[in-house]
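Here's a quick briefing to read alongside the structure. Have the viewer open and follow along topic by topic.

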Amino acid sequence: MALNLKLIGRMSNQEILKFCLENGFIIDKELFESLSQIDVSIAKKIIEKIKQVSNERLISKTILFNKSQEVSKIVTSFENENKKVVERLFISLGLNIEIKKEKTLEKEPRAEEEEEQGPASLRIITSHDIPTKKFKVNDFVRHFRNRFLEMKKILQERAELQNLVSINKISGNKQNLSIIGAVLSKRTTKNKNILLELEDMTGRISVLVNHEKKEAYEKAKEILLDDILAIKGSGNSEIVFVNDIIYPDLCLSERKKSEKEEYALFTSDLHVGSLRFLENNFLKFTEWLNGNLNSKDISTKVKYLFITGDCVDGVGVYPGQEELLKIKDIKKQYEKLAELLGRIRKDIHIILCPGQHDAVRVAEPQPILNKDYAQPIYALENVSLVSNPAVVGISDAKINVLMYHGASFHSFIGDIEALRIGKAHETPARVVKHMLKRRHLAPTHSSVVYVPNETEDPLFIKKAPDIITTGELHRPDIDIYNNILIISSSCWQSTTPFEEKIGNNPLPCKVPLLNLKTGAIKILDFSDKEEK
Ligand code: FE
């Protein structure tokens, strides 16, 4: 997916030009190009407001630099989504200081908001509700453009990126230059080198990674289409030879712990309604949670249960599914799920997001479960419904958990040789590390179905979570990446032909248990087999 900035520019250019001519204004080239990327009605309002504060015939970026307070006022004169669009526009022009401050303040939670969002110890930080509409090419272009600007902001802070230049500013032969770009294409040449085409807001350039530069070459082998990254190298406006590749990456300085002795459990992929749903094993799990089995001392301290998608098996999800369904009515599948979750003691907060089998749209971000189908779940007072993906704060909102079901797993594994050969379907945490490195849950355009969003890419990982939890591969796996805890969930369904087809090798009925005070993890086993 190209950033395709010129296409979108052409479409709104003429209207903005006409507006300026009719009102006797002239706009400088850089500001004009930036305004051409946003909605025309917003662009017109911005021009009017700049005109009011500047009183000049020529409206330029320089005027904005000299009037930072007025710029902040222009931003605050817009509301909601439009405000974010205007913020982003000014930030992209380099006018970010005052706007950033204001944005931070806005994000501070208000007491009443927290109360609305659930118990004090639990806070839903991000749950997306982006409506489906008829999307045009421009919507996808804006979506990618915003993602690029977000990633660029992060990458350009990296001290190692010396002599950072835009692609159209490369002239003559330059040593030690750095570029930030999105990967448009990737191929291996006859000489076994990797040739990439990178694009930024100003143009495109070929970039070559020589196979003799071992470290850079190993990194280049794992590059995916639409990755946004920085390269360090030498070259000219025709081609740049790469010395190093740098991703936006995520890192925490330390692992956060709860002050209280409390536990969180992580599960997903119940697939209630399937003939292969392991109901008796799940019931054993609910009995354990209620303190009716051994380890009562631990089970009574469980405070949170995360269910990361595929809560029911759904109906018509894949050809021939009906033969494998015990419950063929989607509403009845959710009734059954509610009955099972209703058995769990009420002081455990259950946080539940959908997956591809649930009765919501497949396009990500998937909204919360639909009330029309999952009404009985809404009746459970200890269940918080969130989107896929979502960010939830637990332990008095000190520990942030990013929930993502994981539709993109298969694309990562298919496209990265080391994951494909290494059978990463059995080690989901290895795949999650690639998401964290890229700060994106599904970077390649075709890897998942998604809803483009003009203001913010919901699959972009804005802030490092303390924990990322996933489902989809039906295998438990635990790892730590730069102090971020990765917890991939098991499932409650024995192997189906559909799973064999998509490469899953399930290990059901295993539940990771996290001691939030010490950070220690153990995997509880509710399977029938005597396994460690
Ligand atoms: Fe599943």
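How many residues does the hairpin use to join S5 to S6? Four residues make that link. Keep in mind that this is a predicted model. The protein chain has 532 residues, and 54% of them are buried. Its secondary structure comes to 18 helices and 19 strands.

**The hairpin and its neighbour**

- Strand S5 covers residues 194-199 and strand S6 covers residues 204-209; the two run antiparallel, with six bridges between them.
- If you want a spot to look at in this pair, Leu 195 sits opposite Leu 208 of S6.
- S6 also pairs with strand S8 (residues 239-246), this time in parallel and through three bridges.
- Val 207 has Val 240 in S8 as its bridge partner.

**The six-stranded sheet**

- Six strands make up an open sheet, in the order S12-S11-S10-S9-S18-S19, and the pairing is mixed.
- At the edges are strand S12 (383-385) and strand S19 (521-525), each of which pairs on one side only.
- Going from one strand to the next, the twist averages 20°.
- Inside that order, strand S9 (residues 263-267) and strand S10 (residues 302-308) are parallel partners, with five bridges.
- One of the pairs to pick out here is Ala 264 with its bridge partner in S10, Tyr 304.
- Helix H11 (residues 279-289) packs on the sheet, where it touches S9, S10, strand S18 (510-515) and S19.
- The direction of H11 makes about 155° with that of S10.

**The iron site**

- Which residues hold the protein donors of the iron ion? They are Asp 269 (OD), His 271 (NE2), Asp 310 (OD) and His 474 (NE2), at 1.9 to 2.3 Å from the ion.
- Along the sequence, these donor residues follow the spacing D-x1-H-x38-D-x163-H.
- Are Asp 269 and His 271 buried or exposed? Both Asp 269 and His 271 are buried.
- Why does the arrangement count as irregular? The four donor atoms subtend angles of 83 to 171° around the iron ion, so the arrangement is irregular.
- For reference, a tetrahedral label would need all angles to lie between 85 and 135 degrees.

**The chain as a whole**

- Take the contacts between residues at least 6 apart in sequence: 69% of them join residues at least 24 apart.
- The protein chain has an accessible surface of about 24000 Å², and carbon and sulfur atoms account for 48% of that.

Conventions
Residues are numbered from 1 along each chain as its sequence is written. This is a predicted model: local features need pLDDT of at least 70, side-chain atom pairs count only at pLDDT 80 or more; totals for chains, interfaces and linings use all residues. Side-chain values use heavy atoms; hydrogens and water are left out. Donors are N, O and S atoms within 2.8 Å of the metal (3.2 Å for Na, K and Ca); water is not among the atoms, so sites may look incomplete. Four donors count as tetrahedral if all angles lie between 85 and 135 degrees; four count as square planar and six as octahedral if opposite donors are over 155 degrees apart and all others between 65 and 115; anything else is irregular. Buried means under 20% relative accessible area, exposed over 50%, partly exposed in between (1.4 Å probe, protein chains only). Two strands pair if DSSP finds at least two bridges between them. Axes are lines fitted to C-alpha atoms, for helices over the stretch in contact, and angles run from 0 to 180 degrees between N-to-C directions. Contact means heavy atoms within 4.5 Å. Accessible areas come from the Shrake-Rupley method with a 1.4 Å probe; for residues, only the protein chains shown count as cover.
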